[in-house]
Amino acid sequence: MLIALGVTGGIGAYKAVEVVRGLQKRGHDVVAVMTRSARRFVGEVTFEAITRRRVITSQFAPGANADIEHIALASDIGLLVVAPATANVIGKFANGIADDFLSSLYLATRAPVLIAPAMNTNMLEHPAVRANLQTLASRGVRFVDPGEGFLACGWIGKGRLAEPEEVVEAADRLVRPVGTLLGRRLLISAGPTYEDIDPVRYVGNRSSGRMGYAIAAEAARRGAEVVLVSGPTTLDAPAGVRIERVRSAAEMARAMSTHARTVDAIVMAAAVADYTPERPHDTKIAKRDAPMDLTLVRTPDILADLGRARGNAPLPILVGFAAETGDPRARAREKLRAKHLDLIVANDVSRPGAGFETNTNAAFLISPDDEVETPVQLKTELAATILDRLERLLAAHSARV
Ligand code: PMT
């Protein structure tokens, strides 16, 4: 596959040479696109020798406009990687500024985009940069998080370009042939449930749905037929996913059990309410001065019921989540056992950058005989890791029959 590697003006530009090598080792063809300031850090001849291609440095270089090169390249590439990406280029991408070859290529291409930011810690944490990163993430751009350590500016902190191998792995994963879940049917739940107290009030929780939607989107990208049962969220249905919107735990339970019979795997990422008002009022409860008592009763435990219904049958594979505050492992293992799950994704929702509402998450993936920790990463990336595990579970099942 042809991959465009954008190199911008940061000290990490020298590591981009290793990124080219790593991508080539995995069978990709690389064309380097350097910004003006990148060329102050590394010479274009280095990239030319390694890529064995002309390095693109300017929109207006002789020959670059015979076929409007940035448009031609935009449709030829399967992926645009930018490593290192400075605050400046991130700002340009986020705001649609196209004043050089790389920023024009970004706007013109429909290929996936992977960005490896690198800059001083304070710059990385500046609200302007954070907002630009959020904007790009919401448009589907993927990131390789910068590392921590000694920065070229003499500071110690976050901002160093990720190691070349991490960039290569993330890039390769994005362009790996899709279709690894072709022919599989997956049922995924996401979002909160709202338990009505009366027509205007409800008991709910902070789930945004992002985690479950990311899993549904990635499963569809891999070719699975996906039904997403979603509690109330503001998110659009991912491409290629059949969505069924529900409100309460009872509605979610009904939708899940209807589809469960015909699927190969179920991933329960929803934050289902454990309690619901015993008797929701038909009309708005009038405010009084006295305290108000609200009796809550247990909701159905959807996942435990699915585990019981499966019994000793091998399918569907059951993946649950455990949302805990503090180290989630012990409680997650109990839930794994009690609900008869094949895998549980345990997240500490009190940890910064993990759990509810954020675009990132960190988790332990726990199965009866294995435990793997994942770092804080985009929910889209964690989704891919969960589905890699699920694919292995499905493959093990197919090998047994
Ligand atoms: O939606 P986001 O903002 O992206 O946040 C993601 C998340 C934090 C919601 C997600 O990562 C997560 O942890 N989801 C599970 C939340 C939860 O309900 O955890 P729990 O430990 O209470 O439940 C354990 C498992 O049982 C879960 O798979 C849950 O879906 C399921 N359950 C719980 C209660 C219930 N009545 N029925 C269930 O099926």
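This is a predicted model: local features need pLDDT of at least 70, side-chain atom pairs count only at pLDDT 80 or more; totals for chains, interfaces and linings use all residues.
Residues are numbered from 1 along each chain as its sequence is written, and side-chain values use heavy atoms, with hydrogens and water left out.

Stay with Lys339 for a moment. You'll find Lys339 in the loop between α13 (329-338) and β17 (343-348). Helices (H or I, at least four residues) and strands (E, at least two) are DSSP runs, numbered from the N terminus. Which residues does Lys339 touch, not counting those up to four places away in sequence? Show Asp301, Leu303, Ala304, Gly307 and Leu318; contact means heavy atoms within 4.5 Å.

**Next stop: Met292.** Is Met292 buried or exposed? At 51% relative accessibility, Met292 counts as exposed. Look for Met292 in the loop between β14 (275-277) and β15 (296-298). Leaving aside neighbours within four places in sequence, Met292 is in contact with Ile197 and Ile285. Now draw a distance from the C-alpha of Met292 to that of Ile215: the two are 77 residues apart along the chain and separated by 40 Å.

**Now select 127-138.** This is helix α8, with 12 residues. From first C-alpha to last, α8 reaches 16 Å, close to the 16 Å expected at 1.5 Å a residue; the expected span is 1.5 Å times one less than the number of residues. Colour Val129, Asn132, Leu133 and Leu136, which are buried in α8. They cover an arc of only 100° around the axis, which puts them on the same side of α8. That arc is taken from the directions from the helix axis to the C-beta atoms. Turn to the other side of α8 and you'll see Pro127 and Ser138, both exposed.

What do the buried residues of α8 pack against? Their partners are α5 (87-95), α6 (101-108), β4 (113-117), α7 (121-125) and β5 (142-143). Following α8 comes Gly140, with a positive phi near 95°.

**Follow β4 and β5 into their sheet.** An open sheet of 5 strands has the order β2-β1-β3-β4-β5, with parallel pairing. Two strands pair if DSSP finds at least two bridges between them. At the edges are β2 (29-34) and β5, each pairing on one side only. Between the parallel β4 and β5 there are 2 bridges; pick Ile115 and you'll find its bridge partner, Phe143, in β5.

Strand β18 (residues 360-367) and strand β19 (residues 370-378) pair in the antiparallel sense over 7 bridges. The two form a hairpin with 2 residues between them. Click Ala363 and look opposite for Thr374 in β19.

**Finally, zoom out.** The protein chain has 14 helices and 19 strands. Buried residues make up 53% of its 401 residues. Among contacts between residues at least 6 apart in sequence, 65% join residues at least 24 apart. Along its principal axes, the C-alpha trace spans about 75 × 60 × 40 Å.

Definitions and conventions:
Buried means under 20% relative accessible area, exposed over 50%, partly exposed in between (1.4 Å probe, protein chains only).
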